Each structure stands twice: as C-alpha cells, then as structure tokens.
Amino acid sequence: MNFKTIIEPFRIKSVEPISMTTREDRVRYLHEAHYNPFLLSSEQVLIDFLTDSGTSAMSSRQWAAMMDGDESYAGARSWEHFRDAVHELTGMPYILPTHQGRAAERILYGQIGGKGKTFISNTHFDTTRANIEFSGAEAIDIPVQESRDFESDFPFKGDLDIEVLEQLIKQKGAGSIAGVILTVTNNSGGGQPVSMGNARAVRDICHRHGILFILDMCRIAENAWFIRHREKGYSGKTYLQIAQEMCSLADACVMSAKKDALVNMGGFLTLRSKSLADACTQLLIITEGFATYGGLSGRDMEAIAVGLREVFQPDYLHYRIKSTTYLGDKLKALGVPILFPVGGHAVYVDARRFYPNIPIEHYPGQALVCALYELGGVRCVEVGSVMFGKYDEQGKLVAAPMDLVRLAIPRRVYTQSHIDYVVEVFEAALKERDAAKGFRISYEPKFLRHFTAHFERL
Ligand code: F0G
C-alpha cells in the first residue's frame, strides 16, 4: 500500500512551547525591530523559517552520545569519533574541526585568497562571498542558465555553467583562480541540487588547470537524494555512497555541520594537500582551538558523529525532501510564484512576481518577509537585493539577479499542521498583496548588511 501522507519518521519525546501572539503585537514587534526579522526575539515568532541552520531537533541517540562527550583538551575520544565519521564520508586525510562553517571558510579563504585572486562558484553563499571578499579576492557566480527559469523542470538547477567556467579560466588565467567552489545544494540559488556529472566536469577542468576544487557540502545528504532519484546510473546506490563519490572528486571540503549533520553547532574543513593542511592548521590553532577540537566541545563532536550517519537514513531523507515539496506544492496550487522544482531544505518564493506592484529598488522580498511575519508570525529571510545588492559609483542600487524569499525548514522540528498553517498565512498575504508597500534602508553596515540593516516602510 502506498499512502499519500508522509508521516514524520519519529515520535516526539520532548517539546518546546511556541508563544502565541496577535497581529497587533507583531506589527509593534516588527516596527521595534526596524522591519528586520533578524532583530526580532525568537519569543515573538510562531513559526521560524529563518534558517535550517543550527535549528535541527537532535535525536535521542545524539543526546545520549553527548553525555559521553570527552572534554580532554588534546586527543579526546570524541575527536576520534568525529574524525572517523568525517573521514568515512569525505575520505580526506586532513580534518580540521571548526565551530561552524564560516570559520572553516575564513581559514581556507584567508589562506588561499587575497588581492588579485578569483573564486568561481555555482553561487557563493553570503558568508562564503564575504570571507572571500574580506581577504581581498573576488567571487564570481556562474550558475547554469536553466537556474534563471523559475518554471522549467530542469532537474539540476544547482549546476555550475561549465562553458562559462572555461571562458573565465581562459580570460583570467588559471594562475589567478584560487578555487572553484561547488555549493551542494546551491543554497543561494534556490536550494537546487548539483548533479554528479557537473561535479565531475568541474573536477576535470580544475585538475587540467591545476585549480583547487572545493566542495561546500553542508547539504550533501539532501543533494544525494536528488542525484539518486534524478540522475541516470544512481538509483542503485545508497545516499551515503553518492555523497562519498561526490567528496572523492574534491580537493577540499567545507561543511557547516549545522545543516546535514543535524546539530546545533559545528563544522569542519577537510583537505587532501598536506602543505595546505599544515598552513590551515596553524590558523585553526591561532583562531579556533587546538587541532583535535577546533571550536568544538567534545559533546558537540559526539553529536556530529551520530548526526552525520543518521542523515543518510532513507526514511529520514525521504520525509525531509517530501515534506519540503509538500509546502512548495501547496503554495504553487494557491498561485504563489515559487522556484520550481522545489529544493531540498527550503521553498523559495519569487518576490518580484508576488509583488509586481513593488519596484525592485523598494525591495519586494523584504516586503514579503514583513507581511508573512505581521500576518502570521512566520519568520523567513530575503535572499535578493537586500542580501546581495550593491551600489554603483552614483550610489544607485545594483539589484541581485533575483529577489527571493526563503522559507527554510528546520530539520525534524515542525509537523504537517505547522506547514498547513503557513499555507494559510500565504493565503492571507495574497489577499492583501495590492496594498503592500516597499521599503528603504535607513542603516546598513559594510559587510553582510541583511543581518543588522534597519528599514523604513515607504
Ligand atoms: N555555506 C553554505 C552553503 C551555507 O548555507 C552556510 C550557512 C554556510 C556556508 C556557513 O555556515 O552558518 O555554519 O557559518 N547557511 C545558513 C543559512 C546560515 O541560513 O543558510 P555557518
């Protein structure tokens, strides 16, 4: 029998209350937070879709393993468990634990970046781009053309444009390219998967030119689900085998364990080159911690070791991907313009089409984020011209290629009724769309402005 309802493949052992609020309360809270949901207190939020990062519910096995954490400064047993789990997945000889993904990025890009260097990616995540640019290097995004078409059912919209990669290498010279980064799944490009064929093609080009091939693998289990179900030749492989194959292509892997390792904090950097690993280990010790714990406590490393294995369980991955699709399908049926096909960890709404009445310079994505919060207490994030916009020499906004709103779904946290509620909030937002207004930015910092910017409603 094949039942339609995808049940959560777990029972709930411990619960955390949600504080209920009224629309009136939320209008006030959002005003006090300068219309930036990052500045809200989580107590003011009903359904938190801000991020899938560090928000997972851990399993009873992970909590049990945490009790067994070995907090020794050097050579802890928990480090060995962590190292073995990361090695099993990545196959890489050098493993550097870090407190989260961006710490691994800072170490790697601080080491190999710098002025005059270029990095090329399917799409740099915001912290990736910021760490690269902070080093003085430039970051270029070259997603495949198909990723710009919201409606097509192209199966791997996370792929990198191979032709453009070859052109860029020719134009810039291989020597100036410090690395090619494949982000799997492609978070800023809609959580879309990257095919193994694309990863292999990137690897071949990189190796031909002596360029470092880096995998940003924080959602590699979700990516493996798509490969198994969409790419020829993979239906007989396990999700873990697929992820291992992808890691085997890379020279370096960066992972924020806060995603597919099902934990609340953690990350790592893995490398094949001894000389690069030695240089990075120096930076690790100076800025994160000793080489056998990085920024992590022993109990964190235990939870990661268990989570990295749990995430590949077929029942979990099936539920994970299908429940994200459930939200996407319901929104699409309502007429909400979403990025299709639905990605792994989030549903992305095209705010430009949701609010055709709001000009891009008035940040339609921010308008939708604010509407969803005021109407229903749903918190989510703009991934568009607030996050990636720049200014030209005249101070005019150079908009991001897309203005998306991301509904990122924490792992194992919300049930189907929470999702049904979010769909109703969208129904309400659709009813009020004609009256919606855009925003202007009244305060912004130089880097990663979306976290702390202030807005005013126009
Ligand atoms: N790379 C990707 C693709 C990410 O999505 C993130 C984080 C990082 C690197 C940085 O990892 O947060 O552990 O330092 N993404 C979160 C998000 C913040 O909401 O998508 P981190």
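Good morning. Please keep in mind throughout that this is a predicted model.

I shall begin with the ligand. There are 17 residues around the ligand, and those that come nearest are Thr51, Arg102, Asp216, Ser256 and Lys259. What classes of residue make up the shell around the ligand? Eight are polar, seven are charged and two are nonpolar. If we ask which element supplies the largest share of that shell, it is helix 4, residues 101-112, with three residues.

In Ser256, a side-chain N or O atom is 2.6 Å from an oxygen atom of the ligand. Gln100 places a polar side-chain atom 2.8 Å from a ligand oxygen atom. Lys259, in turn, has a side-chain N or O atom 2.9 Å from a nitrogen atom of the ligand.

I turn now to the cysteines. A disulfide is a covalent bond between the sulfur atoms of two cysteines. How many disulfides does the structure hold? The number is zero. Cys218 is in no disulfide, and the nearest cysteine sulfur, that of Cys253, lies 12 Å away. Cys218 is buried, at a relative accessible area of 6%. Cys280 is also buried, and its relative accessible area is 0%.

A search of the whole structure gives 15 aromatic pairs. Consider Tyr109 and Phe119: their ring centres are 5.2 Å apart and their planes stand at 75 degrees, an angle over the 60 degrees required, so this pair is edge-to-face. Where in the chain do these two partners lie? Tyr109 belongs to helix 4 and Phe119 to strand 3, residues 118-121; they are 10 residues apart, and the pair links distant parts of the chain. Both Tyr109 and Phe119 are buried.

Trp225 and Phe226 form another edge-to-face pair, with 5.4 Å from centre to centre and 85 degrees between the planes. Trp225 and Phe226 are both buried. Lastly, Phe10, Tyr316 and Tyr319 are linked by ring pairs into a cluster.

Thank you for your attention.

Terms used. Residues are numbered from 1 along each chain as its sequence is written. This is a predicted model: local features need pLDDT of at least 70, side-chain atom pairs count only at pLDDT 80 or more; totals for chains, interfaces and linings use all residues. Side-chain values use heavy atoms; hydrogens and water are left out. A residue is near a molecule or strand if one of its heavy atoms lies within 4 Å of it. A polar contact is a pair of N or O atoms within 3.5 Å; within protein, one must be able to donate a hydrogen and the other to accept it, and residues adjacent in sequence count only if both atoms are side-chain atoms. Helices (H or I, at least four residues) and strands (E, at least two) are DSSP runs, numbered from the N terminus. Ala, Val, Leu, Ile, Met, Phe, Trp, Tyr, Cys and Pro count as nonpolar, Asp, Glu, Lys and Arg as charged, and the others, Gly among them, as polar. A disulfide is a pair of cysteine sulfur atoms within 2.5 Å. Buried means under 20% relative accessible area, exposed over 50%, partly exposed in between (1.4 Å probe, protein chains only). Rings of Phe, Tyr and Trp (its six-membered ring) pair if their centres lie within 6.5 Å; planes under 30 degrees apart count as stacked, over 60 as edge-to-face and the rest as tilted.
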